[in-house]
Amino acid sequence: MTTESQDSRFRYRIFTMVVLLALINYIDRGAMSYAAAHITGEYGLDRGAWGSVLGYFGYGYMVGALFGGMLADRYGPRKVWIVAGVAWSVFEIATAWAGDFGLAFLGGSALAGFATIRILFGAAEGPAYSIINKTIANWATTRERGFVVGFGLLSTPLGALLTAPVAVGLLTLTDSWRAMFFILGGAGLVVLVFFMRIFTDRPETNPRVSPQELAEIQSSRAQSGTGAQAADAPVLPWWSFFRSKTLLLNTLGYFAFMYVNFLLLTWTPKYLQDNFGYSLSSLWYMGMIPWTGACVTVLLGGRISDLLFKRTGSLKIARSWFAAACLLATTLCFLLVSQAQSVFAVIALMTLANALNALPNSVYWAVVIDTAPSNRVGTFSGLMHFFANIASILAPTLTGYLTARHGYSVMFIAASVATAVGMVAMLQVRPGVGPRMPASRALPSEAAK
């Protein structure tokens, strides 16, 4: 392969490093679930308290998701990648002392210590996916957007799948749940350094991008008919997000995805331990199974969405109807899981439900790129991520409450309700129909249109 041909595909090195960094981000957040027996035993936490510990992450995550996108629009994704990546790695390491910190400095409460560190850790991790969307908006061509968004989001199921063997492996090898957090935090810092050596905010400022590749990217932007505006167009106020029915309903659809995602990420290990008696040594492979199908479908969904758009020319069919159909199938699967009795039926149905849930993952992010002005992609992605991530608090916390009172089957019924609501919302999404500049702030020529 010649240097020229390699350079013409440089953007895929950027996308690959984004996935790797996001992969570590996801393993970091899920590893705690596999230390449940160690932590609850050491600090005397019951099922309700453990649900709270898992839910604290979401409070910070929502805030980080909101401001991460805004900061990426204002300062560029590179600076936000650096700050967020360093911060979440440091707080991942600090989790090892969270309980002791609470006992020593927060009124003798280990729960308060975990609350503090997990909220800060969540705030640091929150910007990641909004920055990914901003990075893709800057670097990807329009025709590959659905697939590249799906490729970036591969880190979600793949990270959850790898969390099981990585976390259990580190716990087994080191015989210390604290050492697991040290190693994971250090790995994040190392990958961040390598990524920042090759990454710039835009391809125009990267010396590794060939003229041919740059022309391809810029030509795609100029020919795009999805409603995105030039980066130097008038900037909409952030609150115009709430003037867009499409963006609001799309957020509700993404909430349904996030509810399922955080439910399975946080409660699968303890569910398998409590309901079927699995030991830690078994969880490394049992915890992987529900995520295997999702690793394929998250990539396949982007391809299908792009293909539907190419065949029909309709973003409504390619994004909205496609996502709604997937959410309907997911709803039916979770209703079946709630009635299943054997571990084999439960795992098989959970795997199918999670695969169907992940299939339109790229759609929610692509709708923002399709609909928002390019100079507001980061901000509007962050707002979507902020509100959808109410699920990162609600799913683990509500599950702890429901299972303590009604048993584990009810958590799957709650998931089916969430995905049914998401399905109804996505049927009404109209990609490309975005918020407009208020007349009082528009340019004279725009206001006259």
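These questions and answers concern helices and salt bridges in a predicted model.

Visitor: How far does helix 4 reach from its first C-alpha to its last?
Guide: Helix 4 covers residues 47-75, which is 29 residues. At 1.5 Å a residue, the expected reach is 42 Å. The model comes close to that, with a reach of 42 Å.

Visitor: At which residue does helix 4 bend?
Guide: The bend in helix 4 is about 25°. It is located at Leu 54.

Visitor: Which residue has a side-chain oxygen that reaches a backbone nitrogen at the start of helix 4?
Guide: The backbone nitrogen belongs to Gly 48. A side-chain oxygen comes to within 3.3 Å of that nitrogen, and the residue supplying the oxygen is Asp 46.

Visitor: At what angle do helix 2 and helix 9 pack?
Guide: Tyr 12, Phe 15, Thr 16 and Val 19 of helix 2 meet Val 148, Phe 151 and Gly 152 of helix 9. By class, this contact has five nonpolar, two polar and no charged residues. The helix axes lie 8 Å apart, and the packing angle is about 35°.

Visitor: How many residues apart in sequence are the parts tied together by Glu 213 and Arg 11?
Guide: The side chains of Glu 213 and Arg 11 form a salt bridge, at 3.0 Å from N to O. Glu 213 is in helix 12 (residues 211-223) and Arg 11 is in helix 2, so the pair links parts whose separation in sequence is 202 residues.

Terms used
Residues are numbered from 1 along each chain as its sequence is written. This is a predicted model: local features need pLDDT of at least 70, side-chain atom pairs count only at pLDDT 80 or more; totals for chains, interfaces and linings use all residues. Side-chain values use heavy atoms; hydrogens and water are left out. Helices (H or I, at least four residues) and strands (E, at least two) are DSSP runs, numbered from the N terminus. The expected span of a helix is 1.5 Å times one less than its number of residues. The bend at a residue is the angle between axes fitted to the seven residues ending there and the seven starting there. A polar contact is a pair of N or O atoms within 3.5 Å; within protein, one must be able to donate a hydrogen and the other to accept it, and residues adjacent in sequence count only if both atoms are side-chain atoms. Axes are lines fitted to C-alpha atoms, for helices over the stretch in contact, and angles run from 0 to 180 degrees between N-to-C directions. Contact means heavy atoms within 4.5 Å. Ala, Val, Leu, Ile, Met, Phe, Trp, Tyr, Cys and Pro count as nonpolar, Asp, Glu, Lys and Arg as charged, and the others, Gly among them, as polar. A salt bridge is a side-chain nitrogen of Lys or Arg within 4 Å of a carboxyl oxygen of Asp or Glu.
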